[in-house]
Amino acid sequence: MIGGAPRSGKSILAQQFAAQQRIGWISTDVLKEVLKVNDDSGLQGQWNAEAEAITAAAVWFFPYLERFVWGINSLADDYLIEGVHFLPAQVNRLSAQYPIRTVFLGCSQMTIERFDQFPGRSRGYANLSEAMRRRIADDIPLWSEFIMQEARQLGYPYIDMRFDFLSRLSEAEAVLTADTN
């Protein structure tokens, strides 16, 4: 599992790692979009990077994630799930039942220039107003700090993608391929 703050490189890492390992992967963004078909009133529709909102969204999403992990566990030996919709606490709960390797990514410094320079995999970011892009850029370090604290508290690896993005991607990949025996 690859979790963490928005715009930290989770999808890029997932795509590269899944291709190298020849395993399937899914973004929690896709799972959340499928849930929108059911018009579930629990879905958060607006950007909110406050710790309470991040936690509430992850708690709401957990039963769906848990069910997906249960299902995919019966179909594949290895599979990758990435996204912002789970926290170290949810991985901790899942790891009680399933063997999981995980890494969390964040970015302790984000500027509007960096935000615009690296549009990421999510196409929705491209059409945002400047005010919204600035708000997200300002919130990413706060979101990252929240993830980092919880990951460290629960003993999960956290990698700050602020500098030397390619080296940090390699570091995260090494976490996922480390021999756990």
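Visitor: Which residues form one aromatic cluster here?

Guide: Keep in mind that this is a predicted model, where local features need pLDDT of at least 70, side-chain atom pairs count only at pLDDT 80 or more, and totals for chains, interfaces and linings use all residues. Residues are numbered from 1 along each chain as its sequence is written, and side-chain values use heavy atoms, with hydrogens and water left out. Rings of Phe, Tyr and Trp (its six-membered ring) pair if their centres lie within 6.5 Å; planes under 30 degrees apart are stacked, over 60 edge-to-face, and the rest tilted. The cluster is made of Trp60, Phe61 and Tyr64.

Visitor: What kind of aromatic pair do tryptophan 60 and tyrosine 64 form?

Guide: By the ring rule, the count comes to six aromatic pairs. For tryptophan 60 and tyrosine 64, the centres are 5.1 Å apart and the planes make 45 degrees, so by the cut-offs the pair is tilted.

Visitor: How far apart along helix H3 are tryptophan 60 and tyrosine 64, in helical turns?

Guide: Helices are DSSP runs (H or I, at least four residues) and strands are too (E, at least two), numbered from the N terminus. Tryptophan 60 and tyrosine 64 are four residues apart in H3, so the separation is about one helical turn.

Visitor: Is tyrosine 64 buried or partly exposed?

Guide: Buried means under 20% relative accessible area, exposed over 50%, and partly exposed in between (1.4 Å probe, protein chains only). Tryptophan 60, at 21%, is partly exposed. With a relative accessibility of 33%, tyrosine 64 also counts as partly exposed.

Visitor: How many residues apart in sequence are the parts tied together by phenylalanine 86 and phenylalanine 104?

Guide: These two rings make an edge-to-face pair, 6.1 Å centre to centre with 65 degrees between the planes. Phenylalanine 86 sits in the loop between strand S3 (79-83) and H4, while phenylalanine 104 belongs to strand S4 (residues 103-106), so the parts they tie together are separated by 18 residues.

Visitor: How are H2 and H3 oriented to each other?

Guide: Axes are lines fitted to C-alpha atoms, for helices over the stretch in contact, with angles from 0 to 180 degrees between N-to-C directions. The H2 and H3 axes come within 11 Å and cross at roughly 105 degrees. Under 35 degrees counts as roughly parallel, over 145 as roughly antiparallel, 65 to 115 as roughly perpendicular, and the rest as oblique. H2 and H3 are therefore roughly perpendicular.

Visitor: What distance separates the C-alpha atoms of isoleucine 23 and tyrosine 79?

Guide: Isoleucine 23 lies in the loop between H1 and strand S2 (24-27). Leaving out residues up to four places away in sequence, isoleucine 23 touches Phe17, Ala18, Asp78, Tyr79 and Leu80. Isoleucine 23 and tyrosine 79 are 56 residues apart along the chain, yet their C-alpha atoms are separated by 5.7 Å.

Notes:
Contact = heavy atoms within 4.5 Å.
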